[in-house]
Amino acid sequence: MLATYAQAFALIMDPYVLTVILFSALFGLFVGCIPGLTATMATALLVPITFFMPPVPAIAAIVTCTAMAIFAGDIPGALLRIPGTPASAAYTDEAYAMTRKGQAEVALGAGLVFSAIGGLFGTAVMIVGAPALADIALRFSDYEYFWIVVLGLAGAVFIGNASILKATISLLLGLLIACVGLDNPAGFPRFTFGSAELTGGISLIPMMVGMFAVSEILRFMVHLDPPLRLATDRIGNIFRGMGALLVKYKWGLLRGSALGTVIGIQPGSGADMAAWMSYATAKKFSKEPEKFGTGHVEGIVESGAANNSSLAGAWIPALVFGIPGDSITAIAIGVLYIKGLNPGPSLFVNNPQNIYAIFLVFILANLIMIPLGWLAIKVAKRVLTVSRNIVMPTILLFCIVGSFAINNTVFGVLLILVFGLLAFVLEENGFPVAPAILGVVLGQMMEENFIKSMIKSDGDVTAFVTRPIAMWLAIATFVILFWPVGTWLWRRFGVRFRY
Amino acid sequence: MKFNDAILGAVFLALSIAVLVHIQGFPNIPGQKIGPGAFPGLIALILGGCSLALIWRGWRERASQPMVAVGAWLASPRHIRNFLVAIGALVFYILAADVLGFLICGAIILISLFLTLRVRPALAVPLALVLPVLIHVIFYKVLRVPLPWGVLPVLW
């Protein structure tokens, strides 16, 4: 194993890879800083460029950029009271209240230092957990894989969505989109309507650029918010007093990091939910809950660590099963497939150096976050005053080129238009977009395992539950699926039974 | 633009019926009981069920949830214009890219979006001229994406 780590280390220390890491870090910090641009959007914009890179730098770019963007989202939160990414929304008011009290440097310093620690915690869990899980997953057959995919999709729909019905519909739309084209077990052209472009299926990259970047630009075009105003331009030494905070809030830090990692592993819920939940837990377990909301750093320590640790957690199911833990890893899985590194337990056996290289990139990204983040805070005033009226049109042009670059046809541009509009309308009507992306990413794998299992069992559906692991996975899925129905019945009728 | 759930439910129901009708023409895999229509059929059936539930919910709440609620931005001509210019920029690129080429299309798209968003012309014009060249160099030279030259001669 040490030899493999040495190999992986050599892969990372390549000057080309290091340059990619540096530039994607700066890109991530910039995108995270600008309100309205999310970490997912940063990833979607990076993908057309990573398309032209070897696997390790491609993945390194995504990992670094997202870690930076999630931290950088704290900066406008503290200075403008607008979260740079949704992952910082949970504690934006708290950070802003601290700035108003003249403690901007404490809020930003805590965001930076504890983001890095949380990220390293999640990475440690990933390094230990992912290979162990892969060992178990090697014993899985088509039946188990079918259930793993269903379980992942069920989790994505049922956890953290306001309307389960709408999340389900969004997921089903994604699964239907995945059906388009020739790429199915029968090799039969489906829903192509005679179009040569559609025969190849709907390319994931233009679709994601449309759903995560173009829709965001459209939302900016119609936003009615007042212009941004900086709360302060005096930021002191952000590292002063961090050691004391670390000692004082060590348990909160640990709790936030652990909770964040678990939420990251859970399919469909990512950094933003990790932050909201840890902020709530921090308040619940705090010795001084009355101070929360008045500019108290405790919640920032815990949830700032949680949103970064969830990033690494999300990669565990992504690498081991090919099931994305959040929308960022959904995109990353698409990249892994394009690079021929199909995620799954065999990746750990056949290409362990690539996996270990990803682990090392996570460590590196969280370490360089400290100096680069410090730099970002120093220049924040300038970045935040860059007009979004200039940034957004430029990003739109970038989306056009990026979607064109995948197949070198304007069909890609048509796709970003269609999916940008679709995502815009869906979100305006309360349909979450992330389940649709998960559906597209997992649709093909789900169908393949479904058809193979059906053929193996000669159409006998009971084969799906007779193998022991398959049975337990099926039970877990049904528990998630029928949990809301069960609690509803209990609330409705359970009370009556007691009389 | 917010629609009543019943309207969106009807749209999704129509989609699922269309899929179910369409897959009737799919053949089975030779020698198997199952074919390429099985999976989309299963998905369409579940989608149909969910659509009915959505219609039912929208209908039940029709008193509090109007059939079409116009968002605040639709009352502001400036924001409608912003939205339409962004959509128009993409449509324009799809139609004109091969004829005019990337550099000209990119400059036109940027200048129209900048001016729509009220960027000062003294800043908007130089940016609209420089940024497409920058993006072109990155993608055309470094990443070797064959962006169309259109009416311009091949410059680099």
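Is B:F12 buried or exposed? Buried, with a relative accessible area of 7%. The cut-offs: buried is under 20% relative accessible area, exposed is over 50%, and partly exposed is in between, with a 1.4 Å probe and protein chains only.

Ground rules first. This is a predicted model, where local features need pLDDT of at least 70, side-chain atom pairs count only at pLDDT 80 or more, and totals for chains, interfaces and linings use all residues. Residues are numbered from 1 along each chain as its sequence is written, chains are lettered from A and ligands numbered from 1 in the order in which they are written, and side-chain values use heavy atoms, with hydrogens and water left out.

Now, the rings. A pair of aromatic rings is described by the distance of the centres and the angle of the planes. Rings of Phe, Tyr and Trp (its six-membered ring) pair if their centres lie within 6.5 Å; planes under 30 degrees apart are stacked, over 60 edge-to-face, the rest tilted. Over all chains, the whole structure has 19 aromatic pairs.

Take A:Y356 and A:F359. Their ring centres are 5.8 Å apart and the planes sit at 35°, so this pair is tilted. Both belong to helix 18 (residues 352–385) of chain A; they are 3 residues apart, so about one helical turn separates them. Helices here are DSSP runs of H or I, at least four residues, numbered from the N terminus. A:Y356 is buried at 10% relative accessibility. A:F359 is buried at 0%.

Back to B:F12. Its ring pairs with A:F431: centres 5.7 Å apart, planes at 70°, so edge-to-face. That pair crosses between chains. A:F431 is in the loop between helix 20 (411–428) and helix 21 (434–456) of chain A, and B:F12 is in helix 1 (residues 5–22) of chain B. A:F431 is buried too, at 2%.

What lies over the face of A:F431? A:K166, at 5.2 Å from the ring centre. The test is NZ of Lys or CZ of Arg within 6 Å of the ring centre and within 35 degrees of the ring normal. In chain B, B:R62 lies over the face of B:W59, at 4.1 Å from the ring centre.

There is also a cluster: ring pairs link A:F146, A:W147, A:F450 and B:F39.

Last stop, A:S24. This serine is in helix 2 (residues 15–33) of chain A. A:S24 is buried, at 4% relative accessibility. Beyond its neighbours within four places in sequence, A:S24 is in contact (heavy atoms within 4.5 Å) with A:L46, A:A61, A:T64 and A:C65.

Notes:
Helix = DSSP H or I, 4+ residues; strand = E, 2+ residues; numbered from the N terminus.
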